[in-house]
Amino acid sequence: MELIIDNLSKTYSNGIKALQNISLEIPTGMFGLLGPNGAGKSTFMRTLATLQEADNGTVFLGKIDVLQQKNELRQVLGYLPQQFGLYPKISAEFLLNHFAVLKGISNKNQRKELVDALLHKTNLYEVRTQKLSGFSGGMKQRFGIAQALLNNPKLLIVDEPTAGLDPVERNRFYNILSELGEQTVVILSTHIVDDVKELCTNMAIINKGRVSLKGNPLQLIDNLKNKVYQKTISKLELEDYKQNYQVISEKLFLGKPTIHILSDTNPRDGFVLVNAELEDVYFSQIFGNQSNLKSIA
Ligand code: ADP
């Protein structure tokens, strides 16, 4: 099963071009969609989930024409939106069972078996009788995944699932997702580079509604081999460096401002060559092409 997106575009009535000719081929497995806030990720996800219309383009999941055959798609779709409401006063088990009824699983024993299996899978079995109002952010997200898996989806869309989760909860969530990728097309939208690094075999970076880079994360990192240099500088020097080098990131390292630059040749000047990371790939796409940045390569 493959998801094939061709030339997908969407302009909102206020003139914002949220999607501009997006074309992607997404095989079974975990696919990471990285991009800054406002890049168009949610618009893209909602369109794939048949919740809003595109202006142009086609999307096929196997033989299903996603934009036309909405009901067919919904039968094989699992969707975890960025924000979702839960009934606070009832238990996880009760609500999951209720959703299973809504999804048409009418046999009571079969339903109980499925609900129990999903509660186990998402590590919620022990707390299944507790009210959802007492759930932490991570528990709510795991419940969201449990409901999204009720119909054994062929396409699972998760929009910014780890935002606001602590590292332990984020790891739990990763573990659940990584088990799914083998039979399902899983699209994970995020602005957290580590999410993609840990989980995804394929990825795309979208920025301002366009795909700016796509491929296998390790290959994309390899493309920057011997090109990323690091230097610790003082804050006052930052603007100078931005004028003279292609600065792709600036962050504090042990409390000191540290920059990464892209360069095909060794810039010397106190810079050291470092192993490229997925963050460098991402930042070079998002910040590396600004007009005030000059490449010395
Ligand atoms: P992301 O999920 O990457 O943060 P969005 O898809 O939410 O990006 O937004 C992409 C762009 O479209 C942003 O500039 C946003 O302000 C705009 N946008 C999103 N939804 C709407 C809407 N319903 N009407 C008008 N503009 C919108």
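How far is an oxygen atom of the ligand from a polar backbone atom of Gly38? The gap is 2.7 Å. Before going on, a word on the ground rules: this is a predicted model, where local features need pLDDT of at least 70 and side-chain atom pairs count only at pLDDT 80 or more, while totals for chains, interfaces and linings use all residues. Residues are numbered from 1 along each chain as its sequence is written, and side-chain values use heavy atoms, with hydrogens and water left out.

**Around the ligand**

| Backbone atom of | Distance to a ligand oxygen atom |
|---|---|
| Gly38 | 2.7 Å |

Taken alone, the ligand exposes 560 Å², and the protein buries 65% of that (areas are from the Shrake-Rupley method with a 1.4 Å probe; for residues, only the protein chains shown count as cover).

In total, 13 residues surround the ligand, each with a heavy atom within 4 Å of it. The closest are Gly38, Gly40, Lys41, Ser42 and Thr43. Helix H1 (residues 41–48) gives the largest share of this shell, four residues. Helices (H or I, at least four residues) and strands (E, at least two) are DSSP runs, numbered from the N terminus. By type, the shell splits into five nonpolar, six polar and two charged residues; Ala, Val, Leu, Ile, Met, Phe, Trp, Tyr, Cys and Pro count as nonpolar, Asp, Glu, Lys and Arg as charged, and the others, Gly among them, as polar.

**Loops worth a look**

Thr50 sits in the loop between H1 and strand E4 (56–61). Its phi is near 65°, a positive value in a residue other than glycine. Thr50 counts as buried because its relative accessibility is 7% (buried means under 20%, exposed over 50%, partly exposed in between, with a 1.4 Å probe and protein chains only).

Asn152, in the loop between helix H5 (137–148) and strand E7 (155–159), also has a positive phi, near 50°. At 57% relative accessibility, though, Asn152 counts as exposed.

Ser263 lies between strands E13 (256–262) and E14 (272–273), in a loop. With 2% relative accessibility, Ser263 is buried, and its side chain reaches the backbone oxygen of Thr265 at 2.5 Å.

**The whole chain**

The protein chain has 10 helices and 14 strands. Of its 297 residues, 48% count as buried.

Notes: A polar contact is a pair of N or O atoms within 3.5 Å; within protein, one must be able to donate a hydrogen and the other to accept it, and residues adjacent in sequence count only if both atoms are side-chain atoms.
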